[in-house]
Amino acid sequence: MSSPFATIAEAVSAASSGHMIKLAPGTYKGPGNRNLDLGTKELIVKSAQGPLTTVIDCEGQGRAFRVAGGQTSATMIADLAIRNGSEAQGGAIFVSGASPLLANCIFVDCAAASSGGALYATSSALRIERCAFLGNTASPGSNNAGGAGIGLFGCDARVLRCLFDGNDVLGAGGGLLGSGGSSGVSDSTFRNNSAFRGGGAYVRDSVGPVGIVDCQFEGNAASRGGGLASLNAWGDVALCTFGGNNASEGGALYAWSTPAAEWVLSNSILWGDAAPTGGEIAFNGSLRVEASDVAGSLAGVAVGSLGPVGTLTWGPANIDADPLFNAPGDYRLQPLSPCIDAGDNTLVPPDLTDVDGDGIVTEPVPLDLDLLGRFFDVPTAPNTGNGPRPLVDMGAYEARTP
């Protein structure tokens, strides 16, 4: 579309499927710039110069976009900042039965009276990449609902390279909630979020395995699972770093699974988290911990108060040694870290989110949280891990010290 319009709503109304609506820099306010329903149109809505210069301010009077017309990934919302959205579900964006791409957006101070403070999605397959969720809130009526940043319900979603910082929910999932469905989250940071369950993120009732890979959880708080919590779900937490999270049960992680399934924690670092029960981990059901650095070793793990008695498989390659983080708030590894070349290559999960964009989702995860190569040999480090060189490091970052 090449014609200028007075409002975004006018452009959406005039557009046909396949059109791009490009927003000039500025702040868009008022009735014609919020509560925008894409109907059944496949549109690209993006800014010309990025989210730092182009803002949709909903002024607390509704959300920015509704995408509920069966759209595919040909529909994209990108390069925008959305702030002050307010709705019952999805303060900034509501998605139902659609598969849009949301990319390079910033969601600030949006609120939901129920779930999905910034983004609410149901029965959808969507991809969310390079987005930041800052200071959003949700106030659900249940401790198992919420998602102040993102609330996913019955979705097959891929979340990658996102930041969740300072979001707060009265229920579950300070940064992200996944309920039902089967989702993958990779190369994302959860920082200073809070919730009743799952300060950083919370997953429940998964219909398939959940993958949380190359993520960092720092400074989050909750009653159960300061960093991450789950209920009646299972899957993999791999190549993650937890630090400075706190809870009543499971300072870093509260994992609950059915007896027939299990959570597998591998190639990860859990250090400096705190809770009266399970300083690092509290769990029920089945949990397997392999090739990870866990503060206190088995003393940092406890059976939680929820659900069946736990069955723990503790791998022989787990360690309890100061990971030697670079500095407070910097969870990269110092040259003498015992976590370097100490992971297990056979436990590196497939690249389900396709973080390197090569279209191959069956290869081992190729990048770390810095988006640098996941397998890098440090010649001066002892190879204490398992597999052919180069050996993967524990945690979200691969050390590169020569």
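Analyst: The side chains of Arg 130 and Glu 129 form a salt bridge, with N and O 3.4 Å apart; the term denotes a side-chain nitrogen of Lys or Arg within 4 Å of a carboxyl oxygen of Asp or Glu. Through shared partners, salt bridges join Arg 127, Glu 129 and Arg 130 into one network. Glu 129 is buried at 16% relative accessibility, whereas Arg 130 is partly exposed at 33% (buried is under 20% relative accessible area, exposed over 50%, partly exposed in between, with a 1.4 Å probe and protein chains only).

The model is predicted: local features need pLDDT of at least 70, side-chain atom pairs count only at pLDDT 80 or more, and totals for chains, interfaces and linings use all residues. Residues are numbered from 1 along each chain as its sequence is written, and side-chain values use heavy atoms, leaving out hydrogens and water.

The structure holds 19 salt bridges. One of them pairs Lys 46 with Asp 79, whose closest N and O atoms are 3.5 Å apart. Lys 46 belongs to strand E4 (residues 44-47) and Asp 79 to the loop between strands E7 (76-78) and E8 (81-83), so the pair ties together parts 33 residues apart in sequence; strands (E, at least two residues) are DSSP runs, numbered from the N terminus, as are helices (H or I, at least four). Asp 79 is buried, its relative accessible area being 15%.

Arg 63 and Glu 87 also meet in a salt bridge, at 3.9 Å from N to O. This pair links distant parts of the chain, 24 residues apart: Arg 63 lies in the loop between strands E5 (54-57) and E6 (65-67), and Glu 87 in strand E9 (residues 86-89). Arg 63 is buried at 11% relative accessible area, while Glu 87 is partly exposed at 27%.
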